[in-house]
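Please walk through this structure with attention to what holds its parts together.

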Amino acid sequence: MPKLKTTPEAILRSAWAVFHRHGYHHASLQQLADAAGLGKAGILHHFGSKAGVMRAVIDYSVDWYERKVLSIIDEERPLEDRLRAFIRKHFELCQLHDGSGCFFANSILETGVDGQFNDELRLFHEKWLAAMQRLLTERFPPEEATERAYRLFADYQGSVLLFKLYRDPVHLERLIDRTLHNLQLPITISAR
């Protein structure tokens, strides 16, 4: 029997926080239920299993991320301003839950070996790359925009790992400076 009435969105938000802080393997059904204000049976009724909760959370978080963060890319303001705002917004997410970092990257690192959630997590990466390619295509030819987006993703995730390791947001701030500076530099397109 539920401890209190709640909405599916509230359940997903609370489960997202638990997975973000503890990771998939270390989060328990009891923690998920407690965070949502439900019993274990309530969580299982809605999602079938802990893996079902994780899949739903990834789907929810990708949709949320697209609406709240990636949408910055399509705003009407200069490219540099949108890029800076986009990175800053993502940094806000990384600093949530005691500086847990990037929920998506954490989930990829933790579960990528067995591939259990790879399809869902690839969707995040594909949407991220598509948005960044759209932005960078405003200034660069498509092939170069694609390469720059790829490099930015790798640089961004490396900066997040350093932030988590040292608990120092300077790694995130330096990424903004580096990214804006790199817009002025030529690049060599690597062979794929």
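In this predicted model, Asp 155 is partly exposed, at 25% relative accessibility. The side chain of Asp 155 forms a salt bridge with that of Arg 178, with 2.9 Å from N to O. Because Arg 178 belongs to helix H10 (residues 170–182) and Asp 155 to helix H9, the pair ties together parts 23 residues apart in sequence. Arg 178 is likewise partly exposed, with a relative accessible area of 29%.

The structure holds 16 salt bridges. Another one of them joins Asp 98 to Arg 21, at 3.3 Å from N to O. Asp 98 lies in helix H6 (residues 96–99) and Arg 21 in helix H1 (residues 8–22), so this pair links parts that are 77 residues apart in sequence. Asp 98 is exposed, with a relative accessible area of 60%, whereas Arg 21 counts as partly exposed at 41%.

A further salt bridge, 3.0 Å from N to O, is made by the side chains of Arg 55 and Glu 120. Arg 55 lies in helix H4 and Glu 120 in helix H8, so parts 65 residues apart in sequence are tied together. Arg 55 is partly exposed, at 31%.

Helix H8 covers residues 118–136, and its 19 residues reach 26 Å from the first C-alpha to the last, close to the expected 27 Å. Its buried residues include Leu 121, Phe 124, Trp 128 and Met 132. Among the elements that cover the buried residues of H8 are helices H4 (50–68), H5 (79–94), H7 (103–111) and H9 (142–166).

Trp 128 and Met 132 also belong to the largest nonpolar core, which has 62 residues; together with Phe 19, Tyr 65 and Phe 86 they touch the most other members. H4 gives the most to this core, with 10 residues. Beyond four places in sequence, the residues that Phe 19 touches include Leu 32, Val 53, Met 54, Val 57 and Phe 103.

Glu 80 is in helix H5 and is partly exposed, at 23% relative accessibility. Leaving aside neighbours within four places in sequence, Glu 80 contacts Arg 139, Leu 180, Leu 183 and Gln 184.

On the surface, Leu 162, Leu 165 and Tyr 166 form a nonpolar patch with about 340 Å² of accessible area together. Leu 162 is found in helix H9 and is partly exposed, at 37% relative accessible area.

Terms used. Residues are numbered from 1 along each chain as its sequence is written. This is a predicted model: local features need pLDDT of at least 70, side-chain atom pairs count only at pLDDT 80 or more; totals for chains, interfaces and linings use all residues. Side-chain values use heavy atoms; hydrogens and water are left out. Helices (H or I, at least four residues) and strands (E, at least two) are DSSP runs, numbered from the N terminus. The expected span of a helix is 1.5 Å times one less than its number of residues. Buried means under 20% relative accessible area, exposed over 50%, partly exposed in between (1.4 Å probe, protein chains only). Contact means heavy atoms within 4.5 Å. A nonpolar core is a set of buried Ala, Val, Leu, Ile, Met, Phe, Trp, Tyr and Cys residues joined through side-chain atoms within 4.5 Å. Patches are made of residues with over 30% relative accessible area and no salt bridge: like charges are joined within 9 Å, nonpolar side chains (Val, Leu, Ile, Met, Phe, Trp, Tyr) within 5 Å. Accessible areas come from the Shrake-Rupley method with a 1.4 Å probe; for residues, only the protein chains shown count as cover. A salt bridge is a side-chain nitrogen of Lys or Arg within 4 Å of a carboxyl oxygen of Asp or Glu.
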